[in-house]
Every structure is written in structure tokens, then in C-alpha cells.
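Welcome, and thanks for taking a look at this one with me. Please open the sequence and the model side by side before reading on.

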Amino acid sequence: MTASSAAVAPKTISSAPWRERAEEALIPPLVALLVALICGDLLILSYGQSPATVYRLLLEGTWGNAYGFGQVLYKATTLAFTGLAVSFGLRAGLFNIGAESQLAAGGFAAALTGLALPIGTPLILALPVCMIAAGLAYLKTRFGAHEVIVTIMLNFIVLALLNWFIAGHLHVPETLHTPEIHAGVLPRLADIDSRFHGSAANLALIVAALVAVAVWFYLFRSRGGYDLRAVGLQPQAAEYGGISVGRVWMRALTFSGVIAGMGGINYVLGYKHYYEDGFASGAGFLGIAVALVGRNHPFGVLIAAFFFATLSQGGLAIHAFVPKQMMDVLQGVVILAVAMAVPEVRRVLRSARRRVDA
């Protein structure tokens, strides 16, 4: 081997794993998206409409104007929190299906804190207090039996309890929401740029991005994250290696509930400035799909949240041509395509590499 070839070889060997990871991260989701688009074309054609026209209206109603884009950002913010919550649990091998009630409980706690703080409390003090209250509202998820059963049942219990509180004690007359909060209000994007006038987007989206970065750092740059991922991959081997599996699971469910609870600030502190019964409206359950499509990676979850938010807002933009429920069907198609296509495409990629190496 010559000196020049020896110098090139390490670079080629070191770059191969990065290229392989990039292929497995990008190609399978793109194939799944292509499958979903083909199914979407067939659905649109079944209504006698042109797919090109419908997709053009969808993009114009979402990314094509400031109001629509603001609504996409608002919906993506809530989905980012719930998606991050679910993905955090999945990394530890736990399936948290309680993000719906965790989101509602977090919003309720943030509203109570905003009402309790004195009028005129500076935002720099009020916001952290409200966020902590939103995050701590669901720490009780750490007790119980199997996490799937516990989180499903607690959805009904917590939502019913919140409904009782609002309807019986804390509502403004003739409504199902609390009074407006006194402190902790987040500025809307419309306060910064008038082109976003009317949209619900607010600075909670920055909080969601920071939470995603914090989750990434914890999972991939800390000892606790290493333990959590090891338990998620093989709990028996992790326990044999000296990791306390029970403690990791406790921590994972607790952090998962905290992240979902923090999502309540998007509606309560950033949008309406009060807690309203039923405001979660499925965002917690959709967070499961966001986590799966985002491949349980914090930044993948952000992208998936933006994608699902675009479909949700786009359904309103194309309602004149096809039923907006078609976007719900398309969301289901995307989930199925990811679940079915991603493993198959990865298998094909790995098989092709083995043939090349041979």
C-alpha cells in the first residue's frame, strides 16, 4: 500500500458509517412520503379533483401566507411537545399514551399559576414559574403497573377531574374556561410582525425548540441518556451491566410527563391566556404518530410535528374541494407508510451493502 492510498483509506472507512446512517435516516422516510403522496393522489382523484390543484391550495393555505404559516407553527408547537414526550418514553422502551391528559393537566396548572401570581409580575419571573407548574402537574404518572394501561386510564381520570374543576368551580359564567391569567403571558408572533395578525403562533415555539435541544443533549451527550437508551434496547443486558432499570423507567416516565405537560403553555400562556376544557383536542394522541414518524429523534420529531401541522391546517384550506377529513386519512396513510416502508427499505439497503462488500 502506498503512502497516498494509506492516507485515503482511513477517510473512506470513517466516512462509510456516516454515509450509511444518512442513507438509513433519509431514504426510508422519503419512500414512505412518496407512498403517502400516491395514496393521496388516488383519494383526491376519487373526489373528481386534480391532485395538483389540491396540493397547490394546501401549500398556499399553509406556507404561502403569513397567517397560514403562523397557524402551522402554532399547531406544530403543541405536537412537538407531545411528540417529544412520547419519543422520550419510547427511547426507554416505554409507551406513554397519556400525553393527552398530561397536556391538559399542564395547561391547567399553568393557568392556575398565572391566576395566582400578582398582576404585573415580570414575564421573566412569571414564565418559569408557570412552566414549572405545567411540567410538575403530571409527576404522578411515575406510579402504577404497566405504563400503557396506566397512562390510558389516567387520561380519562385526569380529563374528567379537570372538567369537574372547571365546570363546578373555576369557570367564567356561561363558559367552560377559567378567567384570563394575570401573569406569564407569552407574546404572539403578531406582536413582533404584523403579517402574522390573527394567527395563534407565539413564542412557545422557541420553548419547544429549546426542549428538543435539551432532550437531544440528554439522550446523546449524557450518562443518564446513555443508560436510558441502553435500557430501551435491552433492559436485561443493561441491568447486568449495573444500570438500575427501575430507576431509569421511573425517570423516563417522569420526564415524559413533564415534557407533555409543558405543551400546555402554548395554548394557555401563548394563545387564549386561559385554560379551556377540551383544548387538547387529540394533540396528545397525535403526538404518538409524530414520535413514530420522527423516528424517536428529537429533531426528527420537530420535522414530523411541522409536517402533521401542515396537513392539519391544510385540511381547512382545501375544504372547498375535498372534505377536510381527507387530511386525517392522509395522516393515517403516512403513519402506515412509515411503519411498513421504513423497515423494508432499510432491509433492502443493508442487503445491497452486503452484496457490494462481498
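1. A word on the model. This is a predicted model, in which local features need pLDDT of at least 70 and side-chain atom pairs count only at pLDDT 80 or more, while totals for chains, interfaces and linings use all residues. Residues are numbered from 1 along each chain as its sequence is written, and side-chain values use heavy atoms, with hydrogens and water left out.

2. The core. The largest nonpolar core has 95 residues; such a core is a set of buried Ala, Val, Leu, Ile, Met, Phe, Trp, Tyr and Cys residues joined through side-chain atoms within 4.5 Å. Buried means under 20% relative accessible area, exposed over 50%, and partly exposed in between (1.4 Å probe, protein chains only). Helix H3 (residues 66-91) gives the most to this core, with 11 residues. Helices here are DSSP runs (H or I, at least four residues), numbered from the N terminus.

3. Leu269 and Tyr275 have the most contacts inside the core. Leaving aside residues up to four places away in sequence, Leu269 touches Ala110, Leu127, Cys130, Ile181, Gly184, Val185, Leu186 and Gly264. Contact means heavy atoms within 4.5 Å.

4. Salt bridges. How many salt bridges does the structure hold? There are three, each a side-chain nitrogen of Lys or Arg within 4 Å of a carboxyl oxygen of Asp or Glu. Glu60 pairs with Arg56 at 3.2 Å, N to O; these two are four residues apart in helix H2 (residues 51-62), so about one helical turn separates them. Glu60 is partly exposed at 41%, and Arg56 is partly exposed at 42%.

5. The other two. Arg195 meets Asp193 with the closest N and O atoms 2.7 Å apart, and Arg195 is exposed at 63%. Arg223 and Asp227 form a salt bridge at 3.0 Å, N to O. Arg223 is exposed at 62%, whereas Asp227 is buried at 12%.

6. A helix crossing. The axes of H8 (residues 204-221) and H9 come within 5 Å and cross at roughly 75 degrees, which means H8 is roughly perpendicular to H9 (a label for angles of 65 to 115 degrees). Axes are lines fitted to C-alpha atoms over the stretch in contact, with angles from 0 to 180 degrees between N-to-C directions. Tyr218, Leu219 and Phe220 of H8 meet Gly224, Gly225, Tyr226, Leu228 and Arg229 of H9.

Methods. Parallel < 35°, antiparallel > 145°, perpendicular 65-115°, else oblique.
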